[in-house]
10 protein chains.
Amino acid sequence: MQKYGTINIKDATLEPWENPFPDRNYTIDIDFPEFTCLCPRSGYPDFAIIKISYIPDKTIVELKSLKLYLNSFRDKSISHEESTNVIFDALKNLLNPRTLKVTGDFNPRGNVKTIITVSG
Amino acid sequence: MQKYGTINIKDATLEPWENPFPDRNYTIDIDFPEFTCLCPRSGYPDFAIIKISYIPDKTIVELKSLKLYLNSFRDKSISHEESTNVIFDALKNLLNPRTLKVTGDFNPRGNVKTIITVSG
Amino acid sequence: MQKYGTINIKDATLEPWENPFPDRNYTIDIDFPEFTCLCPRSGYPDFAIIKISYIPDKTIVELKSLKLYLNSFRDKSISHEESTNVIFDALKNLLNPRTLKVTGDFNPRGNVKTIITVSG
Amino acid sequence: MQKYGTINIKDATLEPWENPFPDRNYTIDIDFPEFTCLCPRSGYPDFAIIKISYIPDKTIVELKSLKLYLNSFRDKSISHEESTNVIFDALKNLLNPRTLKVTGDFNPRGNVKTIITVSG
Amino acid sequence: MQKYGTINIKDATLEPWENPFPDRNYTIDIDFPEFTCLCPRSGYPDFAIIKISYIPDKTIVELKSLKLYLNSFRDKSISHEESTNVIFDALKNLLNPRTLKVTGDFNPRGNVKTIITVSG
Amino acid sequence: MQKYGTINIKDATLEPWENPFPDRNYTIDIDFPEFTCLCPRSGYPDFAIIKISYIPDKTIVELKSLKLYLNSFRDKSISHEESTNVIFDALKNLLNPRTLKVTGDFNPRGNVKTIITVSG
Amino acid sequence: MQKYGTINIKDATLEPWENPFPDRNYTIDIDFPEFTCLCPRSGYPDFAIIKISYIPDKTIVELKSLKLYLNSFRDKSISHEESTNVIFDALKNLLNPRTLKVTGDFNPRGNVKTIITVSG
Amino acid sequence: MQKYGTINIKDATLEPWENPFPDRNYTIDIDFPEFTCLCPRSGYPDFAIIKISYIPDKTIVELKSLKLYLNSFRDKSISHEESTNVIFDALKNLLNPRTLKVTGDFNPRGNVKTIITVSG
Amino acid sequence: MQKYGTINIKDATLEPWENPFPDRNYTIDIDFPEFTCLCPRSGYPDFAIIKISYIPDKTIVELKSLKLYLNSFRDKSISHEESTNVIFDALKNLLNPRTLKVTGDFNPRGNVKTIITVSG
Amino acid sequence: MQKYGTINIKDATLEPWENPFPDRNYTIDIDFPEFTCLCPRSGYPDFAIIKISYIPDKTIVELKSLKLYLNSFRDKSISHEESTNVIFDALKNLLNPRTLKVTGDFNPRGNVKTIITVSG
């Protein structure tokens, strides 16, 4: 069975911004089509579109810090399932949003395409 | 944390028209694919499709005045989240519709695409 | 505020046919992509796809009479909202169907695209 | 008002097969894009995609017999509404499935496109 | 009526991996567009996209072993309905997931397209 | 080796119209997406889009007579290669156009798609 | 054989503008997707996209006058071939451009789609 | 460097038919989207669309024999380059056509997509 | 007839970079989908995709300076024909490239779509 | 003006294979959609599809070594123009093909999309 080491994301810091309309439920959908990391098994690069959808509470995520954070996976060895869940946890902890969904839509590997969807 | 100044939309006035079928619930969907404003952080232009969907009550919005109103954002420095919410508020105040949804579907910036959806 | 005159559709008569399967609920979806009328404000021609979806009761609409009826709007000055509601009323009165939805999906005018949906 | 004669489908026989997994609900979706019959009014050929979706009970329909059955409409004079309902009845009687939906998605005639959907 | 022999999948073994996030419901969607087997009636090859969607419990399926397993149908004579159900059973038994759906989206045969969907 | 009997198209007559602009070279492109005939080998129906492109000389083909002519293949047993060439010859003899191209774009049979193109 | 009366376009006047760059060959491509006229045979409305491509010499066509000119065909009874050639002649006479191509891409009638292309 | 063994295609025989129109140049385009063989290096299955385009001389290829011939590669270990060239040679030898082009449009392997085109 | 004032592009300066491969002909294709300026006649905003294709000689255009240059048209009143030609001249003068093509692909105005193409 | 350091590709070696059909001209088209490198100016990652098309002479490029070679740009700081030309030179030197074209089709940066095409 596969083992996971500790994920240490030290290269980038997600930055919260004040939500300008905290009294209203509205949805923010974000697509980042240039996510890349390394396959923990083969060492080859993986590619994905990361999709984020949330209803903010007191804070929203600043977009440039999000881009830098997602770029920081470039040299990490991390599976499809784990990277999507790690991004979910990071946003959940930062924003404590009213709803949150994170999708990792990965390019095929060995002719197999995988999409991971975490919501909560 | 980001700060927002007062939004002063003085260049255009949304015009209400009498709803010719006020006794019936029906839906009006409007797409305006040529919305542009200025990024409050970088000063660069932003571009979006603004989508409006509502069930009118006593009034409907006149389409030419809507176009002029949306054009009036051309020189405003305003974030994605704020412009979508401001348009929602303006239509809500003008029409008091039975339902209203406003979507700001923005072109990518820094390879990050954002869609803001406000409904109520 | 806008005013509407009386709509007098004298050029065409919608024809009912006996529903061959009145004991069963089934759906009839019709698309008519070549609807055109005149804008009551500018006088310019407007173009739309008219979409009709209904569950018939005792009668169904004969398709050639429907085509002639929709063609009869060619010289009428009528707004998007009104033409869609007028078609809805005509079919409602003719067929008294179990459900009925009429959509007027209009080409953009002044870069603004409008879709009107009436159901009941 | 239109009249319908007796439909006599003598050229083809739908063949049932034993459902290999009768203890489980699963869905079978079938598309037949080459359906053609004759318009009972004009005599011109009509063309449609017939779509079938069902959850089988004890039997499933054998696909070659289905193809021959659908081909047998080639020389029949039958309306859009009737052909879709007739196919629905034939499958209902043969298979007695847990659910069944039949759609007749017809090519436009006189610029009018019609889709008939029967489910039960 | 058709008969089915025993399916003996001896050429490949599906491998379970530990689910790194068992305390959370998340969805894994997998597409395998290069499935091929043999028609039990005609002997001709069949082709399909196999789609798998599940919420894992304690284990997830390792993707390379899945690919080898799906490749192992290449020389089997098996119907559309049976292959989809067999794959469903194999994953159900291996993973005991919280939800599972398997779809066999087959290329047309005799101009008839078939999609089999099993969920549970 | 295959044999061809005599083709006798007696059910429809192509009608020439006077070319209103014979002093100028211009192109007429026609698509007829509802062509069907019978396979001379299997007896099953075949389906095709017939595409015609020509520069007229003294006459153009009247479109309703063309439609009736193409419909007249419905009960003929004729191969892909022969039907396309027969249509080419009929138009060539009728119109003696400055250029002529006829394409028979047939639906797949046995998973093999065929397009026949005759020009002269 | 068909007969053509005199075309009298009195409702609109095409307006020339000075070409701001007459010393250089450059191309102007124009699409007008809302052309409608009347079929001289059946009286039913016809619909087309008119496409114009030219290299201007001393003048270019003013776009609003072009729109009004094309709108003026709304009540004319005119065939596909003739309307395309008439528009070609009107632009040729007005602009005497270095090259000119006019295409009338008409919606299907009786399931037959026609495209007329005139260039010179 | 790679080595190639002898290709022995014993399972299927391409069958020529008499060209019904040998006095005229016309083109036959064939697509076969379900080609599969085995990678000579990894042993994994490869998938491709085989496209054939030719102007026949005295003979044309019978389509069912072509399908059986292309199916006969299912268990062969053969590279992209070699299979495309072998098919080209087989058709060249059988038909001696006036022109011939064969394309092997292969599914990606290791994220690399390859298309081989042979013409002569 | 239309008149043009002097174009004064003072807000941005196109910057040349040394061509790293001046001894070889190669092509650089650039798309800028967010061009906007003002209609000199109506005052309304216009929108276009600007496409540039060139074979460089000694210099290439730096992309950020190009973006700022194209953004500088935001407040200019300039026609479709003139803006495309002005961009062509600016790049021609800056780079003296071996070939150059500039296309202004404008959004429809008054339902008329225009594309201007300058090459030299 | 921009400066370029020495490119040292030490991580991967392109491997030639013997061309199995050197007596015939045929074309090999390769797409690699997952190319990534670093922008020499901003340090941000760039993404591209690399497309290669060549007619081989005595050797062809082995596809796995090509994939590793293209992956080796992941940590290089290199411009769009230079990376495309460097790949062209590497393949030219390795294969000395009869023709060669290399295209770098890069994702937009700052809303500007660039495609570099080198052929020889």
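Predicted model: local features only at pLDDT ≥ 70, side-chain atom pairs only at ≥ 80, totals over all residues.
**Entry 1: chains B and I**

I began with the contact between two chains, and I found seven residues of chain B in contact with seven residues of chain I. I then asked which elements of chain B give two or more residues to that side; they are β2 (26–38) and β3 (45–55). I sorted the side of chain B that touches chain I by class: two residues are nonpolar, three are polar and two are charged.

How do the copies meet? I saw that 100% of the interface residues of chain B are also interface residues in chain I, so the copies meet through the same surface.

Next I laid chain B on chain I. This took a turn of 180° and a shift of 0.0 Å along the axis, and the RMSD was 0.0 Å. The two copies are therefore related as by a two-fold rotation axis.

**Entry 2: chains B and A**

I looked up their contact next. I found 17 residues of chain B in contact with 19 residues of chain A. On the side of chain B, α2 (80–95) and β6 (113–119) are the elements that give two or more residues. Which of them gives the largest share? I found that β6(B) does, with six residues. By class, I listed six nonpolar, seven polar and four charged residues on this side of chain B.

I also checked strand pairing across the two chains. Strand β2 (residues 26–38) of chain A and β6(B) run antiparallel, joined by six bridges. One pair I wrote down is Asp29(A), whose bridge partner in β6(B) is Ile115(B).

**Entry 3: chain A and chains it does not touch**

I checked chain A against chain H. They do not touch, and their nearest C-alpha atoms are 7 Å apart. I then checked chain A against chain I. These do not touch either; their nearest C-alpha atoms are 18 Å apart.

**Entry 4: strand β3 in chain D**

I moved to chain D and followed strand β3 (residues 45–55). Which residues make its covered face? I listed Asp46(D), Ala48(D), Ile50(D), Ile52(D) and Tyr54(D). The uncovered face has Pro45(D), Phe47(D), Ile49(D), Lys51(D), Ser53(D) and Ile55(D).

I looked for the partners of β3(D). Strand β2 (residues 26–38) of chain D pairs with β3(D) in the antiparallel sense, over nine bridges. β2(D) and β3(D) form a hairpin, with six residues between them. In the turn, I noted Gly43(D), with a positive phi of about 85°.

Strand β5 (residues 99–106) of chain D also runs antiparallel to β3(D), and eight bridges join them. I used Ser53(D) to trace both pairings. Ser53(D) is the bridge partner of Asp29(D). Ser53(D) also stands opposite Lys101(D) in β5(D).

**Entry 5: Leu63 in chain I**

I ended with one residue. Leu63(I) lies in helix α1 (residues 63–71) of chain I. Is Leu63(I) buried or exposed? I counted 21 other C-beta atoms within 10 Å, and 20 or more count as buried, so Leu63(I) is buried.

What does Leu63(I) touch beyond residues up to four places away in sequence? I found Arg109(J), Gly110(J), Val112(J) and Thr114(J). Within chain I, I compared Leu63(I) with Trp17(I): they are 46 residues apart in sequence and 9.6 Å apart in space, C-alpha to C-alpha.

How values were computed:
Residues numbered from 1 in each chain as written. Chains lettered and ligands numbered in written order. Least-squares fit on C-alpha atoms with pLDDT ≥ 70 in both. Helix = DSSP H or I, 4+ residues; strand = E, 2+ residues; numbered from the N terminus. Nonpolar A, V, L, I, M, F, W, Y, C, P; charged D, E, K, R; others polar. Buried ≥ 20, exposed ≤ 12 C-beta atoms within 10 Å, placed from the backbone. Pairing = 2+ DSSP bridges.
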